[in-house]
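The sequence and the structure are shown first.

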Amino acid sequence: MIDSPYNNNNREFTIKEGCPWYEAQQTYGAPNVNWCEPTVCATINEPANTWSNLGYILIGLALIKKMNEPLMRMFGLCVFVMGSLSFTYHATNNYLTQYFDFVGMFLMMSFLLAFNILRVIGSNPRQIYTLFWFLFSMNTIIFMCFDIMDIAVQKMMLMNAVPVILFDIISGFKEKRLHEYKYFFLCVLSLVAAQVFAIIDIKRIYCDPENIILHGHVIWHILGAFGMLFAGLHINKLLRYRI
């Protein structure tokens with residue numbers, strides 16, 4: 001096991017020679033984290049971690065198809081892309097696809113951050129597009145800087161999540177609507193619980209490699225998908241009483 005949960009330099013090469021994606025892992029490098037689920041010699045080499053992303057994909061599709069609000073469909077697309085890229089990363093297990101896994105998360109977090117920044121400053125959150133792409137670009141640049149400086153790139157999610165939560169609460173307080181924040185608190189609870197299970201997995205507090213279904217990172221995906229559903233319902237409710 002590596003010295004720390006996330007290590008940009010000391011990466012474990014887990015795919016055996018002759019197996020699918022071996023050459024890709026050798027070419028692009030291994031991910032900077034090795035989850036409990038062992039890799040198998042197959043096209044999808046982390047089956048449980050891969051297929052558990054279907055929750056994100058299905059919820060993203062549901063938000064795209066069921067919501068009439070363009071901003072909600074945009075959020076649904078971000079969730080769908082995030083799930084699809086995470087699916088690809090866990091199926092192939094190399095640093096290039098891990099980078100694109102983060103691209104998906106940056107799309108989702110940049111949307112939420114832009115949405116809440118505009119609410120805090122009193123602007124219409126529907127005018128999100130310029131700020132969204134600026135924040136996404138900044139996340140991408142910071143990712144590369146973190147990698148060069150050997151700072152765990154996973155810390156970027158906390159850097160995004162904290163202001164998202166704070167700005168949302170500040171906006172709810174200003175708008176006097178915190179009593180209507182049921183979906184917001186369900187979202188935060190789901191994502192905090194998801195992070196707990198991810199830590200349990202990566203630190204090997206509980207790890208049963210022979211269990212082909214249940215792993216901490218699988219639960220992270222499942223709870224995270226519920227978090228995205230609650231986030232979508234929260235945003236939809238906010239948009240109903242804004243211009």
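In this predicted model, Glu180 and Arg177 form a salt bridge, with their closest N and O atoms 3.2 Å apart. Glu180 is partly exposed, at a relative accessible area of 23%. Arg177 likewise counts as partly exposed, with a relative accessibility of 23%.

The count of salt bridges comes to 6. Another of them joins the side chains of Arg11 and Asp147, with an N to O distance of 3.2 Å. Arg11 belongs to the segment before helix H1 (22-28), whereas Asp147 is part of helix H6 (residues 129-148), so this pair ties together parts that lie 136 residues apart in sequence. Arg11 counts as buried because its relative accessibility is 17%, under the 20% limit. Asp147, at 24% relative accessibility, counts as partly exposed.

A further salt bridge pairs Arg126 with Glu69, and here the closest N and O atoms are 2.9 Å apart. Arg126 sits in the loop between H5 and H6, and Glu69 in the loop between helix H3 (54-66) and H4; the pair therefore ties together parts 57 residues apart in sequence. Arg126 counts as partly exposed at 21% relative accessibility, while Glu69 counts as buried at 16%.

| Salt bridge | N to O distance |
|---|---|
| Glu180 and Arg177 | 3.2 Å |
| Arg11 and Asp147 | 3.2 Å |
| Arg126 and Glu69 | 2.9 Å |

Salt bridges also link Arg119, Asp168 and Glu175 in a network.

The second topic is the largest pocket. Its volume is about 1,100 Å³. The pocket is lined by 48 residues, of which Met157, Leu158, Ala161, Gln195 and Trp220 are the closest to its centre.

Which helices each supply at least two residues of this lining? They are helix H4 (70-92), helix H5 (95-120), helix H7 (155-174), helix H8 (182-202) and helix H9 (216-240). H8 gives the most, contributing 10 residues to the lining.

By class, the lining of the largest pocket comprises 33 nonpolar, 11 polar and 4 charged residues.

Terms used
Residues are numbered from 1 along each chain as its sequence is written. This is a predicted model: local features need pLDDT of at least 70, side-chain atom pairs count only at pLDDT 80 or more; totals for chains, interfaces and linings use all residues. Side-chain values use heavy atoms; hydrogens and water are left out. On a 1 Å grid over the protein atoms alone, a cavity is a set of points where a 1.4 Å probe fits but cannot get out, and a pocket is an open set with protein on both sides within 12 Å along at least five of seven lines; lining residues have an atom within 4 Å of a point. Grid points are joined across faces, edges and corners, and a volume is the space filled by probe spheres set on the points. Helices (H or I, at least four residues) and strands (E, at least two) are DSSP runs, numbered from the N terminus. Ala, Val, Leu, Ile, Met, Phe, Trp, Tyr, Cys and Pro count as nonpolar, Asp, Glu, Lys and Arg as charged, and the others, Gly among them, as polar. A salt bridge is a side-chain nitrogen of Lys or Arg within 4 Å of a carboxyl oxygen of Asp or Glu. Buried means under 20% relative accessible area, exposed over 50%, partly exposed in between (1.4 Å probe, protein chains only).
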